[in-house]
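Me: I am new to this structure. Please show me how to read its features, one at a time.

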Amino acid sequence: MEDKNQTIVMEFLFLGLIDHLHQQIVLFIAFLFVWGNLGMITLIGTDSRLHTPMYFFLSHLSFIDICSSSSIAPKMLCDIFVEKKDISFLGCATQMWFFGLLVATECFLLASMAYDRYVAICKPLLYTLIMSQQVCVQLVVGPYGVALISTMTHSTLTFCLPFCGPNIINHFFCDISPLLSLACADTWINKLVLFILAGAIGVLSGLIIMVSYVSILMAILKIQSADGRWKAFSACSSHLAAVFILYGTLFFIYVRPNSISSLNINKVISLFYAVVIPMLNPLVYRLRNKEVKDAFWRKLERKNFLIGR
């Protein structure tokens, strides 16, 4: 009799993130900066000097940043102007699937980029042989494959749960943690799988990055000249910054114990990696990478020359 009285949830309502106009304007401007990644992709694609494995990976990182932010930010920005912040059951599942896929892919793509830097610095004479076009493609396709398995597991387990009670999500997008809190069934298996898979993705990709950079550090310390050590370090600094920012936020949300978990804190951190990190990545790589800056100025000078004619 109790089952008959349960109402099946057909849509979810977001509580949202912010209500103040000036904060909403800042958020909208931040999302516009995310599309700086499109400029990075265009620059890499049109400048033959950037057709190297490092920038091949960077172009895919920019693509992932655009897609991950675009899977959340447009809906979030539209909700600013409406009172009822709703999303359909299918729309919620789709949003969670795409965002989870892209975030997990980014973790392993950063690991692929770390391996690329390891080969470039530790085995420079074999770099072109090891980092062939086929290997580069495999190092990009592989992260998508692993992320697909993980995301399909989470999405299937989550949306097979019964949702029959409250439908208000204390978030600004469909993330797995607030969704599990709305389920009308015991979710300990989901939380266990989430902890294991999220931890495995973070630890495995993080281990690849750590081993790569330990080897890189040892190689840099063997370089005699200070100028050589600085050049080697500069080649890795942008990637290291991206790694620390992304992994810090993801571990804080998905791998910490429930005892220190807070959905309100999660919303702020989620905003950071959904909008702020995709906004920062093109700035970090452009400002700290001489080749990207030189390519940018070459394109700008060529454009001014054509306009002058």
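Reply: Start with one residue. Lys-290 counts as exposed because its relative accessibility is 59%. Buried means under 20% relative accessible area, exposed over 50%, and partly exposed in between, with a 1.4 Å probe and protein chains only. Lys-290 lies in helix α12 (residues 290-308). Lys-290 and Ser-234 are 56 residues apart in sequence, yet 9.2 Å apart in space, C-alpha to C-alpha.

Me: What should I know about the model and its numbering?

Reply: This is a predicted model: local features need pLDDT of at least 70, side-chain atom pairs count only at pLDDT 80 or more, and totals for chains, interfaces and linings use all residues. Residues are numbered from 1 along each chain as its sequence is written, and side-chain values use heavy atoms, with hydrogens and water left out.

Me: How many helices and strands does the protein have?

Reply: Helices (H or I, at least four residues) and strands (E, at least two) are DSSP runs, numbered from the N terminus. The protein has twelve helices and three strands. Of its 309 residues, 43% count as buried.

Me: How do I read the sheet? What is the order of its strands?

Reply: Strands of a sheet pair through backbone hydrogen bonds, either parallel or antiparallel. Here, two strands pair if DSSP finds at least two bridges between them. The sheet is open, with the order β2-β1-β3 and mixed pairing. Its edge strands are β2 (86-88) and β3 (168-169), each pairing on one side only. Strand β1 (residues 11-14) and β3 run parallel, joined by two bridges. Leu-13 has Ile-168 in β3 as its bridge partner.

Me: Which helix packs on the sheet?

Reply: Helix α5 (residues 89-122) does, touching β1, β2 and β3. The direction of α5 makes about 90 degrees with that of β2. Axes are lines fitted to C-alpha atoms, for helices over the stretch in contact, and angles run from 0 to 180 degrees between N-to-C directions.

Me: How do I read a pair of helices?

Reply: Two packed helices are described by the angle between their axes and the distance between the axes. Take α7 (residues 133-159) and α9 (residues 188-221): their axes come within 11 Å and cross at roughly 165 degrees. The two are therefore roughly antiparallel to each other, a label for angles over 145 degrees.

Me: Which residues meet there?

Reply: Contact means heavy atoms within 4.5 Å. In α7, the residues include Ser-150, His-154 and Leu-157. Among those they meet in α9 are Asn-190, Val-193 and Ile-201.

Technical notes
Parallel < 35°, antiparallel > 145°, perpendicular 65-115°, else oblique.
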